[in-house]
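Thanks for making time this morning.

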Amino acid sequence: MIWLIGNKPAFNYSSLHNTSTNNDVASPFWVKPKSKSSKFLSVLLKIWKYTKILILLFFFTMGLWGCFQSSFDPLVASSTSVGSGLEFGFNFGTTGDWKYDLVSSPLQQYHTFNQWSMNYGPFYAFFVWPGAWLTMQICWGSHTAWGGLNALVAIFVLILIIRVFTILTTIKSAIQNEKMSEVNGKLAEINAKYKGLKDTNSKQLKQQEIMDLYKKNNVKPFAAFEQILLTLPIFLIVYRVVTILRPLKATILFNIWNFSYTPLTRIFSNFTQDGWIYIFFLLIVIPIQFISSWLPTRLAKIRNRNATTMSFKGSKESGKRKLFQYAFSGVLSIIVAFTPTGVGVYWFFNALFSILQSYMMHKLIVYKRKKQYKRSIGNVVIS
């Protein structure tokens, strides 16, 4: 729909939601005409495809290694208490500060992790060591900051660096989610159309319709799993850094929240002393986590062309997916409550990054769609 304001035609973005009769306008901006590629380029693309698969499998394998290693290797058993478990710190006497220097007394029941070594396995050597070393340098470089602000800065920088290294995968995953949002209405219609039909012919027809829908919109449903394969090792890296780094274990944020305490455990075991203040910590972290999970769906609904044409059955199927999403957010909230406070700080910053990323991707997609719309209708001023 084009409205006239003064002498200039104004653009009503909602018109993009109802342009199914115009194939050029209705097609998502990422659907490009297929062009023939050279044989050499095709070979390179295949090589890169399998190389990427191997890299992702390596990361995921390392994540599983780090997840289960502590169950059979006592050397890497972590503890939230200072002076126990595996600890990363400076050699005894380096700084003269007990929060940073590992004690030389043999009575201390922990294993020192203060130099690069394969003794603790490839996960710690290739992933945890760089993160712990960097975080330690930042913590010590700003150790005079009040109230554990140096720990906040260190965790923030660590997450920022990880985000930079994974930015391409993150953007690709966001685009794939957007593609799925584009076809969600039609996909829900197909699922509702064949609901309750169990015969072989109906299953084949349903599968063919879904494959045609994905092919038409260049949707690769399994591409989104790249982000999932990276999530496990990234979380474990940060978790291990927070639980083995001596200065982080000794941090009391704002002189209120102890990084080594588990919020829910502290609430139930010492509520009348200092446990109640961890309720406020959860009231800060958990809502941000829910917002980071809810916002992408909300923004996708705002810009999704098919959202206004979805039938009742399609809406019902879409509602089931939303219910799963909220359940997943609830699981993350439980994780925050049952992990050390320092890990909760990681979840907080990670959620903030996710919110910022969702907003930036939303603005980028809207910009590209407006640009596409402008090309399709000629000299129309978009306001």
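Predicted model: local features only at pLDDT ≥ 70, side-chain atom pairs only at ≥ 80, totals over all residues.

**Helix packing and a cavity**

Let me begin with α3 and α7, which are oblique to each other, because their angle is neither under 35 degrees (roughly parallel), nor over 145 (roughly antiparallel), nor 65 to 115 (roughly perpendicular). Residues are numbered from 1 along each chain as its sequence is written, and side-chain values use heavy atoms, with hydrogens and water left out.

Helix α3 covers residues 122–141 and helix α7 residues 225–244, and the two pack at about 55° with their axes 9 Å apart. Helices here are DSSP runs of H or I of at least four residues, numbered from the N terminus, while axes are lines fitted to C-alpha atoms over the stretch in contact, with angles from 0 to 180 degrees between N-to-C directions. In contact, meaning heavy atoms within 4.5 Å, F123, Y124, F127, V128, G131, A132 and T135 of α3 meet P233, L236, I237, R240, V241 and I244 of α7. That contact has 10 nonpolar, 2 polar and 1 charged residues, where Ala, Val, Leu, Ile, Met, Phe, Trp, Tyr, Cys and Pro count as nonpolar, Asp, Glu, Lys and Arg as charged, and the others, Gly among them, as polar.

What else does α7 meet? Its residues E226, L229, L230, L232, P233, L236 and R240 touch α2 through K52, L56, F59, F60, G63, L64, G66, C67 and S70. The axes of α2 (residues 39–72) and α7 come within 9 Å and cross at roughly 40°, and by class this contact has 10 nonpolar, 3 polar and 3 charged residues.

Turning back to α3, its packing with α4 (residues 149–165) is at about 140°, with the axes 8 Å apart. The residues of that contact divide into 9 nonpolar, 3 polar and no charged.

Finally, the cavity, by which I mean a set of points on a 1 Å grid over the protein atoms alone where a 1.4 Å probe fits but cannot get out. The largest cavity is lined by T80, V242, T243, L248, K249, F259, S260 and P340, each with an atom within 4 Å of a point. Both α7 and α8 (246–249) supply at least two residues of that lining, which divides into 4 nonpolar, 3 polar and 1 charged.

Note on methods. 1 Å grid on protein atoms, 1.4 Å probe; cavity = no way out; pocket = protein on both sides within 12 Å on 5 of 7 lines; lining within 4 Å.
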